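Have the viewer open as you read.

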Amino acid sequence: MSDQFRMTRRRLLQLGAAAGAFAGALPMGSTRLLAAGSDKVKIIHASPATLLLWSVTYLAEDMGYYKEEGLDVERAGLGGGPAAMTALLAGEGTVNVSAPGECLAANARGQRIKIIQAYTRSDPYTISVTKAFADANGITGASPREQREKALTAMKGKRIGITAPGSNTDLVVRMALQQVGLDASEVTIVPTGSIVNIISALAQGALDGGALLAPFTEQTAVEFGAVPLLAIAAGEIPLAGRLQGQVLEARPQDLAEKRDLFAALIRADLKALKFLKEDPNGARDKLRQTRFSKISDAVWPVAWSAALPIFASPYVPKDSIQAWIETGTVGGNPDPKTFPYDEILDMSLVDEGLRKIGWSVKS
């Protein structure tokens with residue numbers, strides 16, 4: 001990672017999951033604490049919303065795979081990565097599902113948390129622009145990538161929306177700008193507070209572009225003609241595509257004390273991922289019925305198709321974690337060369353689960 005890109009250190013990294021909330025999402029479930037030693041699993045999420053990013057764990061519940069493994073699942077949706085990590089560290093949940101920034105920051109402070117599974121290879125952010133900006137630069141969403149990248153250079157002196165400084169949206173915007181040779185200082189980066197606010201500002205012409213997350217990218221295109229320029233899921237922002245997406249995190253002491261429970265949880269998730277990979281249309285239709293019924297018929301199939309590439313493997317590669325640390329945004333400012341990757345990445349339950357269900361996946 002070049003020195004030009006490294007951002008100012010921030011103690012708490014806001015996670016991409018928190019950027020993807022949308023109105024009308026289903027409730028995540030009770031926040032009641034679970035009794036120790038129970039076969040119940042409390043899944044902490046870094047947002048109270050229902051997100052496409054978490055499709056694998058939703059399918060594991062909705063297809064009955066958790067029940068098959070003898071697990072009773074609750075979900076607790078909290079207000080962002082810091083709150084979710086605080087809850088996990090305090091033992092107020094079994095696992096945490098989020099992007100890995102807060103986990104890496106906790107480990108940098110000496111608070112050991114393990115990453116035991118991947119839900120997404122990366123997160124499906126897209127740099128989108130208003131129809132007026134796209135028209136002025138002669139491009140559409142179907143234009144060749146080279147033309148769309150050239151159009152992004154016209155963002156110089158324009159306004160591009162993010163959720164907050166240090167957020168995933170901020171990171172992705174800066175990576176995209178660097179990719180086309182623009183310095184962030186040449187663009188007005190506007191913190192809006194939420195993805196919903198970015199959408200509203202794009203619709204009103206108060207922004208020229210912004211970082212959006214599925215299904216909002218597709219929603220804005222359908223509703224008011226916003227044009228996607230560069231998408232992580234399509235491999236069009238390579239630096240951002242290298243960043244690990246959603247992961248499953250747990251405390252080492254809990255893994256040691258209740259290994260069978262965690263093994264069952266991951267087996268169920270692996271069954272869900274297998275179903276998603278082998279029957280993506282079936283997974284799409286199931287989630288439409290159980291989780292995403294309020295998204296319009298015009299948006300849901302397109303959003304699902306665009307996001308499918310992120311559901312790749314249950315393994316978390318070292319490089320995808322090192323990529324996070326190299327951005328300079330992880331609290332505690334860990335050194336990417338000396339960070340204890342082997343102490344934090346534990347894919348042993350994924351290995352065991354794949355053998356158990358008879359499925360082979362590349363690590």
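## A strand residue to start with

Is V41 buried or exposed? V41 is buried, with a relative accessible area of 0%; here buried means under 20% relative accessible area, exposed means over 50%, and partly exposed lies in between (1.4 Å probe, protein chains only). You will find V41 in strand β1, residues 40-45. The C-alpha atoms of V41 and V73 are separated by 4.8 Å, although the two residues are 32 apart along the chain.

A word on how to read the values: this is a predicted model, in which local features need pLDDT of at least 70 and side-chain atom pairs count only at pLDDT 80 or more, while totals for chains, interfaces and linings use all residues. Residues are numbered from 1 along each chain as its sequence is written, and side-chain values use heavy atoms, with hydrogens and water left out.

## The chain as a whole

The chain's secondary structure comes to 17 helices and ten strands. Helices (H or I, at least four residues) and strands (E, at least two) are DSSP runs, numbered from the N terminus. Of the 363 residues, 55% count as buried.

## Charged pairs

Side chains of opposite charge can pair when their charged atoms come close. The structure holds 21 salt bridges, each being a side-chain nitrogen of Lys or Arg within 4 Å of a carboxyl oxygen of Asp or Glu. One of them joins E69 and R267, with the closest N and O atoms 2.9 Å apart. E69 lies in the loop between α2 (65-68) and β2 (72-77), and R267 in helix α12 (residues 259-278), so this pair ties together parts that are 198 residues apart in sequence. E69 counts as buried at 17% relative accessibility, and R267 counts as buried at 18%.

Helix α12 also holds both K274 and E278, four residues apart, about one turn of the helix. Their salt bridge has its closest N and O atoms 3.1 Å apart. K274 is partly exposed at 23% relative accessibility, whereas E278 is exposed at 52%. R284 and D285 meet in another salt bridge (3.0 Å, N to O), and D285 counts as partly exposed at 43%. Elsewhere, salt bridges that share partners join E61, D62, R75 and R291 into one network.

## The largest pocket

How much space lies in the largest pocket? The answer is about 260 Å³. A pocket is an open set of points on a 1 Å grid over the protein atoms alone, where a 1.4 Å probe fits, with protein on both sides within 12 Å along at least five of seven lines; lining residues have an atom within 4 Å of a point. Grid points are joined across faces, edges and corners, and the volume is the space filled by probe spheres set on the points.

The lining has 18 residues, of which T126, T217, E218, P228 and A306 lie nearest the centre. Two or more residues each come from α9 (216-224), β9 (227-231) and α14 (300-307), and α9 gives the most, with four.
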